[in-house]
Amino acid sequence: MSTATVDRHKPDQGSVPPEAVRPNWFGLTFGLPAFVWQLALFATPLIFLVVMTFWQVVNFRPTPALVDDNWVKLLSAGYFWDIYFRTFLYGLLAAAVASLMAFPVAYLLAFRASTNIRWLAVFLLITPFFTSYLVRTYTWKVILTGNGMVNAALGYLGLGPFAMVNNLFGTLVGYLTLVLPLVILLQLFSLAYVDRNLIEAAHNLRCGALRTVFQVIIPSAKIGLVLAATFAFILSFGDYVSPTLLGGSRPPTLSILIVDVVKSGANWPEASVIAVMMSVTLLAVCFAALIFAYGRGGRRA
Amino acid sequence: MAETLLTLQQLSKSYGPAQAVRSIDLTIEKGEFIAIMGPSGCGKTTTLRMIAGLEKPTSGEIRLRGRLMNDVRPWERDTPLVWQSLALFPFLSVQKNVEFGLKMRGMSAADRRQRAMQWLERLGIAEFATRDVATLSGGQRQRVALARALVTEPEILLLDEPMSALDAHLVVRMQAELIRLHRELGITFFYVTHSQSEAFAMASRVVIMNGGRIEQAGPAKDVYRNPVNRFVAGFVGTNNIMSGRVEAASDGRVTVATPAGRFTAPLPKANTPSVGDQVDYVVSADSIAIGPAGAANTVTGNLVSEQFIGSVVTLFIEGPSGVELRVQKPQRDVAALELEPGRPLAIGWDTANAYILPA
Amino acid sequence: MSGRRLFTLLLWCYAGAVFAFIFAPIVVSFIVSFTSDRFPTLPLGEFSTQWYEAIADDPTLWPALRRTIIVGAVVAVIATLLGFGAAYTDYRFRFFGKNFYLALALLPPTIPVVILGLAMLVFLSQIGLFGQLHSVILSHVVLCMPFAMALVRLRLSQMDPSMEAAAWNLGASEWRTMVEIILPFTLPAILSALFITMAVSFDEFAIAFFVSGFAETLPVRILAMFQGQVSPRINAIGSIVFTVTMALVILAQVALLARNPARTRLAVAKAAAGESTDHG
């Protein structure tokens, strides 16, 4: 019946033979050290951080206890919630601005650039990760400060001077310095996996470039775009350097609050409460982002 | 009398509830070229991997020269395998690839170099000894894989669909090469494939597997000419299979009523059917003639389509009650007939060319 | 010019502006470090190496640099060893709780460094390991190991899934296969992991800020200098650190590409282009 059905390029991808996948002594030699290390020095400290929130400070020393003082004190403090919501809004703002700024670039690189240009752009976008974020932020301060380069240049045109540091604008510049390359990269990778046939089809249906972007590309790449925005939020939400150096520490963000509480008061339990609140928030945001990305309309085609 | 090399006894393999191999029995002799064939997921590759020690049998036994192999680790066996992906070591030269097995056996550098070169010469790729495997063509890489597996001079060579990545014209050349090697070396080749053309071209014995079981095992010609059941008849060659009921069984012939008509076949010697039995009536596509030739069995139908594979044409004909019949003829025979789709066409075959299988 | 061409041209201009924004601080930092002005503005001051001389004379910087290098080197070795083991475990084995294992191995970089730093501070001081160089090392390995693991894991996923079994089949034991096959195959990724983890550690300031105590590393020292005075010395240090880090990254790239430049480049480019990258 079957005339030697030609099914040539279908390798039997069982990855590793199933009998070989159960760990043995050989396997434990490789797997266990990393596990022990991360369990002892990553998981345990984070769990201990939660424990610490119930300790007391006695004679300037954190002392084991089981009290909810730190939680009550902080969660009933108006200033904490002010800072909390401000930090949250800053994170959202950074995520939104970075996503909007990045998208045209990612779109261009994904659909209009040659492979070589795209390769070069990817390399260039990775470079900032290996330059000191501290020094880059500091340099922005030099560039944007009252009598810095930008204001000097604008001065020749008869404009300014503008206040660009020690305010939200400065903080935002810092956040973008941190997250923009990553957001472009993540968007680029998600756009690269959009089915080209879909775009062809859209063009054949006389869908204009912009309509194609909004009706075909963005829905297809939704997961990656949401992921990129989520990373932008996580990084900005936890950043200490930008709001300190470019935002002038005032008004503070949660990271600044943690550092202040640790440095000035050595009040570790209280700092731990802030850190736990931050972690819970980040978890909730990640969860919400996942639901949004994979939920209704996630893969409209 | 041939010497037994490998026996599989009630060999089974299951992954949780899924049974990949269900209690198969197979005895393989020294020097045999045996092909295991079947659709994907039939358990043929799992069987091969159990022989190589890459999977542990759930139950049953594997014995090599009488020695129980079930718990022998893969590296303690001498059952080299030619992989579907070839799995050459990309960071080693051709020669180092071939030397690998010898190095693992502790052979001195000079000796293994000499041995590797012998095999490279034997397979006609000595000139590439120092080359990077990535720079070789598909056929050359295939030869490296063979040399690497054979260099330790094993008694059995396992081959797991080794030609599935080759171009069609190379497959024929590699088949000739394998047949030559097999004859020269006199060792057992255990060849897993889903391609019947490969299996029938090379193997002295063919095993058809389906759903983890062996459906039929025997010399290639027997399996091709006398399938034991509907699965094998459907899998091997191009057969027309029609369900029907026995109307008469006498004088060495049996008459079967099928939706396409009433046909005759020789009366089987064993399992003789009686009148009223449900059977499958089988006639192979290449034994059907076109035109009223006074054959014992005739059908008139409409030509639906033609399909060309090499120099062979398959005609698809819709017979009575919508039964689809296939006829295979050499291209030049068909060209003279000037067939057109949609036209009625008479076909026929002799009683001797058909057979029946119990349903 | 058609509308579509104009649109694309505008996009290119915009992309140029975004890249200018990303690279402005890096380029300006270099320039500023070589000018004479304490408060750099336009027009630029004269060429000067005074800030480099100033940091050469700064007695606090050299010990900090020495510590940073020690931490970076030790962290690179440990993180790469652990990362390799974790990557191989993920590649080869299936076991109960594997998702937990992977979460432990990969999550640290997603935790804000301020939180990670505080957690390390609180925990390490409890067990008496706070305020020394090894505190930074212990913490940085946690942060850097995932990078090493990801790099090695990526390389392993490029390996023919049958290759390890092919070596066993030819008589190599698991250990022998590790030495003869897995290690040579992953060597580029291992070298790459060494350089990348060192670069990450070299640059990390928040965790080090919390746990280093008096054993300040260079980035912590820079952070302290911010709080003090404005000075292009920071740019000078930054330029040196940038040069060193980039050298490490380029070495890592070279290590990755050395074996098979064409194929790796092609694979990355293809991945970026969304094409399938099966080669075989």
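This is a predicted model: local features need pLDDT of at least 70, side-chain atom pairs count only at pLDDT 80 or more; totals for chains, interfaces and linings use all residues.
Which residue in strand 12 of chain B is the bridge partner of B:Val246? The partner is B:Val256.

Strand 11 of chain B covers residues 239-250 and pairs with strand 12 of chain B in the antiparallel sense, over five bridges. The two strands form a hairpin with two residues between them. In the turn of this hairpin, B:Asp251 has a positive phi of about 55°.

Strand 12 of chain B, residues 253-258, is also joined to strand 13 of chain B, by six bridges. This pair runs antiparallel and again forms a hairpin, with two residues between the strands. B:Val256 has a bridge partner here as well, namely B:Phe263 in strand 13 of chain B. B:Thr255 stands opposite B:Thr264 in strand 13 of chain B.

These strands belong to an open sheet of five strands in chain B, in the order 13-12-11-14-20, with antiparallel pairing. The edges are strand 13 (261-266) and strand 20 (354-358) of chain B, each of which pairs on one side only. On average, neighbouring strands of this sheet are turned by 45° against each other, with direction ignored.

**The six-stranded sheet of chain B**

Chain B also has an open sheet of six strands, in the order 6-7-8-3-9-10, and its pairing is mixed. Strand 6 (81-82) and strand 10 (213-219) of chain B each have a single partner strand, so one side of each has no neighbour in the sheet. Strand 6 of chain B pairs with strand 7 of chain B, residues 156-160, in the parallel sense over two bridges. Within this pair, B:Val82 stands opposite B:Leu159 in strand 7 of chain B.

| Strand pair (chain B) | Sense | Bridges |
|---|---|---|
| Strand 6 and strand 7 | parallel | two |
| Strand 11 and strand 12 | antiparallel | five |
| Strand 12 and strand 13 | antiparallel | six |

**Domains of chain B**

The domain assignment divides chain B into domain 1 (4-225) and domain 2 (238-358). The centres of domain 1 and domain 2 of chain B, taken over C-alpha atoms, are separated by 39 Å.

**Backbone angles to look at**

Most residues other than glycine have a negative phi, and most peptide bonds are trans. Some residues of this model depart from that pattern.

B:Ala87 has a phi near 50°, a positive value in a residue other than glycine. B:Ala87 lies in the loop between strand 6 and helix 2 of chain B. Is B:Ala87 buried or exposed? A residue counts as buried when 20 or more other C-beta atoms lie within 10 Å of its own. B:Ala87 has 24 other C-beta atoms within 10 Å and is therefore buried.

B:Glu161 is not a glycine either, yet its phi is positive, at about 40°. B:Glu161 is found in the loop between strand 7 and helix 5 (168-185) of chain B. With 24 other C-beta atoms within 10 Å, B:Glu161 is buried.

In chain A the peptide bond itself is the point to note. A:Arg250 and A:Pro251 are joined by a cis peptide bond, with omega about -5°. A:Pro251 is placed in the loop between helix 11 (241-245) and helix 12 (254-265) of chain A.

**Helix 13 of chain A**

Helix 13 of chain A has 27 residues, 268-294. At 1.5 Å a residue, helix 13 of chain A should span 39 Å, and its end C-alpha atoms are 38 Å apart, which agrees. Buried residues of this helix include A:Trp268, A:Pro269, A:Ile274, A:Met278 and A:Leu282.

**Contacts between chains**

How many residues of chain C are in contact with chain A? There are 74, and they meet 75 residues of chain A. Helix 1 of chain C, residues 3-33, supplies the largest share of the chain C side, 16 residues. By class, this side of chain C has 56 nonpolar, twelve polar and six charged residues.

Definitions and conventions. Residues are numbered from 1 along each chain as its sequence is written. Chains are lettered from A and ligands numbered from 1 in the order in which they are written. Two strands pair if DSSP finds at least two bridges between them. Helices (H or I, at least four residues) and strands (E, at least two) are DSSP runs, numbered from the N terminus. Axes are lines fitted to C-alpha atoms, for helices over the stretch in contact, and angles run from 0 to 180 degrees between N-to-C directions. The expected span of a helix is 1.5 Å times one less than its number of residues. A residue is buried if 20 or more other C-beta atoms lie within 10 Å of its own, exposed if 12 or fewer, and partly exposed in between; C-beta atoms are placed from the backbone. Domain bounds come from an automatic or database domain assignment. Two residues are in contact if their C-beta atoms, placed from the backbone, lie within 7 Å. Ala, Val, Leu, Ile, Met, Phe, Trp, Tyr, Cys and Pro count as nonpolar, Asp, Glu, Lys and Arg as charged, and the others, Gly among them, as polar.
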